[in-house]
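Q: Please go through the terms used to describe this model, and say for each how the value compares with the definition.

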Amino acid sequence: MKRKLAITAASMAAISAQVAVADDMVFVSWGGAYQQSQHRAYVEPYLEMNPNISATWDESSAEAVAKLRAMNEAGNVTWDVVDAVAADAIRLCDEGLALEIDHDALLAPAPDGTPASEDFGDLIVSECFIPQIVYSTTFGYRTDLIDAPTDVCAVFDLETYPGRRSLEKRPVNNLEWALYCDGVAKDEIYDVLATEEGQERALAKLDTIKSEVIWWSAGADTPQLLADGEVVIGSTYNGRLFSVIEEQKQPVAILWDMQVFDLDGWIIPTGLSDDRVARAKDFLYFATDTQRLADQAKFISYGPARLSSAPLVGKHADLGIDMAPHMPTDPNNAANTLLYNYEFWADYRDDIDAKFQAWLAQS
Amino acid sequence: MNSTCGPVLAADGTPLKKSLARALRMQKLRALMLVAPLMLFIVITFLAPIADMLFRSVENAIVADTLPETIQKLSEWDPTRDQAPEEAVFETLYIDVFFAAEEKKHTRLGTRLNYELTGISSLFRKSGRRIGRFPTDIYAEQFISQDSRLSDPMFWVRMMNDPRIVRSLPLTARTWTRWTHYLRGEGDDPSMEDVENVFYAALFFDLRNSADGISEVLNNIDISNFESIDLGAEFEAIDEDWVNPSVWRTIYTYSPKYTSGYFLNAVDLQKGLDGPEVRPENQRIYLLLFQRTLVMSFVITVSCILLGYPVAWLLANLSTRTANLLLILVLLPFWTSLLVRTSAWKVMLQQQGVINDTLVWLGLIDDANRLIMINNQFGTIVAMTHILLPFMILPLYSVMQTIPPSYVHAAKSLGATNWTAFWRVYFPQTVPGIGAGSILVFILSIGYYITPEIVGGTTGTFISNRIAYHISSSLNWGLAAALGTILLAAVLILYWAYDKIIGMDNMKLGG
């Protein structure tokens, strides 16, 4: 009797272990509206097609590199596909924590047969990275509290646009804007920023508004500060501003000038078993095809990474408004833009961040 | 004492002392076995990970592990001379970077060294990408044209099993061993893989440096007319930084397996050639943050005492029913999410917040001059005092409950004023509660992270915010570990000081 029980228990355990491995897929993303857009645009349809698979979301993308490194050191990678910004994807690829892939072999071609590598084009910034969206970091301002600015340098102009501002608590983007508004030509920004004097010059420019700045560290901060009237202008991700303006109907508008483009996409972690890799690839083939990426734009105002998806972008699923004019990549919005310089920041992040934080801490 | 009187014996004939000792030992062992599961649990899940993390603050094996040959050659280089190392170092660098790129370790090393000198990260990334395109195939061609067996991996496997060869071709042998280790890790067989250019290069370097004892196997090889390439120039072509002495000085300085570099960095110093140097002023931040953390934690502890003491006194002196109701009010925020409470303070304190609105409505302040009460030290102190208050009130309450009211009555009946009765009789009895509460609040606030992050702005952030940044963003775990170790040491020193001044026996956490 005892023995029979033991056997039953063992086989039960074996079955449940097998079920856990075979059927549950762990998706790692950012939480909030963005994760919701992924869930509705392609995870839900994918689960419907594969009823034996269940999905678990882990909202850890912000710490993806640190956590994957720790999982890798422990030899137990529990994530199947990971959503990461391009800079993190490059670091993961560099450290051997993300799988290198052949984009044309793994991903669906465009409907007209264009291979995936051409459809994504330059957005494939790393051999491990499958781009999903183009998003931008840009400014939102209160339409009722200040005159509508047309130039990003309004942020540094306290006379014409009085009031507090919110900026991200890190050097990336802020120093670029500061140099640009200090008269540095756009294509020379990184040459200047690479020098000691250039870094000091950027911080000196930021010094002129330092007393009026609230520094944010979460993407939700600026929308809240704008909505409460704590700041009159502030930087954040364009999707957050869309939801403040269109969903919450706050008196806020977007200043698109000198928006900084960045990419977000998928990676597959290394150290997975072969069948888990195969399953992740199967999912990614579906989730990054032309239609699915266009579908995602129904839920959030981030530009699909495929060229072929752009004409398919339609109306918002719940609000019913046209999404194309809200995309950061829309020609009207993208007249003057900057692209996140991955190589520069990979080198200078540690150094400049130390200086930036030291500068911040001095009151 | 009479010498014939032997030791007292137990019933079984052993000396009583011994038998007692054994019984005691057994008892202790049994007690130990009872606590063993918990001990093991704590050691495995708490102490070991902490020790492992703290160890990272001095561990620096990555440089020596990734560039073993280069480090060895570089030890002959004089870092004080303003000159890049000679060709021999670049030859070993070629071999090391080749393996690093195969194992995908070169960028990790680049990241590590980039903490010390900006630009090394991309230097290694670029070099890893380009190393395979070095024209070292000319060595392969020249060797194979003299002895075609050298193109056969099987021949290499046999050759490298010969101890005489290994002795006379040390660099080639070491390189081959690394290769076989690497292939075995990948599940591949060295005799099936193509012989990479790096082995012909290593063979050339070995033969050039000495040429004895290998005649039996490679007697037909004559390298005197070999065309060679300048690897230093090849590296320079990738990036001029490779001939920059400060890059080499960084590699040289951080080549030992253990380094004090992270600790120096954590106190705003840096490793120089002649010992620690002070960091440039625009990069100093950690001492300021440590000092700020300690000062603000102290202020928070004092505010908790000032606010918590009357509440605890009230709790201890009211009727049980009212006291219980009040206790629930104290505990209620305790059960609310930390994030919710911190965000609530944001709503209260911000410029367009409840307090400012009320003050403007009352006409106490002008609409244009609203008070700035958040995103600074004030906001952090207010929010953290509120959050940590229960940790002060509860120990105080439990101590005050045990103080019989008759003491104060007696003091008063002997003529003491209210103040004297309180200060000379009641207060000294509550000191153990204040001590316990203070230690709790102080230690908790020193390591606080989330509240300063949300309401601290730039002047109200703690050292823990930088630790979190280095753990999850910059991935400089060594520096994070060093900062954490210093913080832990500070807490232990304060604990020790408390023990010396007031005494741990005097601390009371419960009635």
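A: A crossing of two helices is left-handed if the near helix is turned anticlockwise from the far one by less than a right angle, and right-handed if clockwise. The model is predicted: local features need pLDDT of at least 70, side-chain atom pairs count only at pLDDT 80 or more, and totals for chains, interfaces and linings use all residues. Residues are numbered from 1 along each chain as its sequence is written, while chains are lettered from A and ligands numbered from 1 in the order in which they are written.

Q: Is the crossing of H20(B) and H22(B) left-handed or right-handed?
A: The crossing of H20(B) and H22(B) is right-handed. Elements such as these are DSSP runs numbered from the N terminus, with helices being H or I of at least four residues and strands E of at least two.

Q: Why is the pair H20(B) and H22(B) given its orientation term?
A: Helix H20 of chain B (residues 377–401) packs on helix H22 of chain B (residues 418–446) at an angle of about 155°, and their axes are 8 Å apart. Axes are lines fitted to C-alpha atoms, for helices over the stretch in contact, and angles run from 0 to 180 degrees between N-to-C directions. Angles under 35 degrees count as roughly parallel, over 145 as roughly antiparallel, 65 to 115 as roughly perpendicular and the rest as oblique. H20(B) is therefore roughly antiparallel to H22(B).

Q: What makes up the contact of H20(B) with H22(B), by class?
A: The residues of this contact divide into 14 nonpolar, five polar and no charged. Ala, Val, Leu, Ile, Met, Phe, Trp, Tyr, Cys and Pro count as nonpolar, Asp, Glu, Lys and Arg as charged, and the others, Gly among them, as polar. Residues are in contact if their C-beta atoms, placed from the backbone, lie within 7 Å. Among those on H20(B) are B:Met384, B:Leu388 and B:Phe391, and those on H22(B) include B:Ile434, B:Gly437 and B:Leu440.

Q: Why are H21(B) and H22(B) given their own orientation term?
A: Helix H21 of chain B (residues 406–413) and H22(B) pack at an angle of about 140°, with axes 9 Å apart. H21(B) and H22(B) are therefore oblique to each other. Their crossing is right-handed. In this contact B:Tyr407, B:Val408, B:Ala411 and B:Lys412 of H21(B) meet B:Ala421, B:Val425 and B:Tyr426 of H22(B), giving six nonpolar, no polar and one charged residues.

Q: Where is confidence lowest in chain A?
A: The lowest confidence in chain A falls in helix H1 of chain A (residues 2–23), with a mean pLDDT of 50, and the highest in helix H7 of chain A (residues 174–181), at 97. This score is the predictor's confidence in each residue, from 0 to 100. Residues 12–21 of chain A stay under 50 and have zero contacts beyond four places in sequence. Chain A averages 91, with 94% of its residues scoring at least 70; chain B averages 90, with 96% at that level. For the complex, the predictor gives an ipTM of 0.87 and a pTM of 0.88.

Q: What makes up the side of chain A that touches chain B?
A: The contact takes 29 residues from chain A and 28 residues from chain B. H14(A) gives the largest share of the chain A side, 15 residues. By class, that side has 11 nonpolar, five polar and 13 charged residues.

Q: How is chain A divided into domains?
A: Chain A has domain 1 (2–134 + 263–326) and domain 2 (136–261 + 345–361), with bounds that come from an automatic or database domain assignment. The C-alpha centres of these domains of chain A lie 31 Å apart. In the contact, 11 residues of domain 1 of chain A meet nine residues of domain 2 of chain A. The side of domain 1 of chain A that touches domain 2 of chain A has nine nonpolar, two polar and no charged residues.

How values were computed. Contact = placed C-beta atoms within 7 Å.
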